[in-house]
Amino acid sequence: MLKTIISISLIIGLSSNIIAKEINKFQIDELVLLPHPGKLIKSGKLELTQEQKMRFVKEIKSVYPAIFQAKMREAFSLEKKVQKAVINGKTEKELNDLLNQIAELKREAMDGRIAALNHIRKILTEKQWEKLNKLSYE
């Protein structure tokens, strides 16, 4: 009986430690879920021509991800501050400025994603664009 209780305690302890580590990982929570075409392009499912692939690298991949990721990393850092502040008893009124900063950063990141998707649409054929959206929202 004692062994069972100790075993269960160890399992619970290890599980909560794993969950805590997962929570602390960098996590992107976008304002709106939009397609992430990079994975689909790499998979070959969109069947891009060599010219389209080159345009994607030159016009999209070299520009937009850096903008999006910088904004989301900054927002993530502020989110961690909010989490700690809430744990320490801060109110929504006291956290208003931080929350507004997070919202603004995420909005700027989403503006960049929308611009990138509209640019990608110009590179793809209509059929490829439809397929991108179909595969993204399945």
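Which side chain makes a polar contact with the side chain of Gln-128? Select Gln-52: its side chain pairs with that of Gln-128 at 2.7 Å. A polar contact is a pair of N or O atoms within 3.5 Å; within protein, one must be able to donate a hydrogen and the other to accept it, and residues adjacent in sequence count only if both atoms are side-chain atoms.

**Before going on**

This is a predicted model, in which local features need pLDDT of at least 70, side-chain atom pairs count only at pLDDT 80 or more, and totals for chains, interfaces and linings use all residues. Residues are numbered from 1 along each chain as its sequence is written, and side-chain values use heavy atoms, with hydrogens and water left out.

**Stop 1: around Gln-128**

Stay on Gln-128. It lies in helix 6, residues 126–136. Helices (H or I, at least four residues) and strands (E, at least two) are DSSP runs, numbered from the N terminus. Gln-128 is buried, at 8% relative accessible area; buried means under 20%, with a 1.4 Å probe and protein chains only. Beyond residues up to four places away in sequence, Gln-128 touches Leu-46, Glu-47, Leu-48 and Gln-52. Contact means heavy atoms within 4.5 Å.

**Stop 2**

Return to Ile-60. Leaving aside neighbours within four places in sequence, Ile-60 is in contact with Arg-55, Pro-65, Ala-116, His-119, Ile-120 and Ile-123.

**Stop 3: a ring and a charge**

Select Phe-68 and Arg-113. Arg-113 lies over the face of Phe-68, 5.4 Å from the ring centre. The test is CZ of Arg, or NZ of Lys, within 6 Å of the ring centre and within 35 degrees of the ring normal.

**Zoom out**

Show the whole protein. It has 6 helices and 0 strands. Of its 138 residues, 28% count as buried. Among contacts between residues at least 6 apart in sequence, 79% join residues at least 24 apart.

Definitions and conventions:
Buried means under 20% relative accessible area, exposed over 50%, partly exposed in between (1.4 Å probe, protein chains only).
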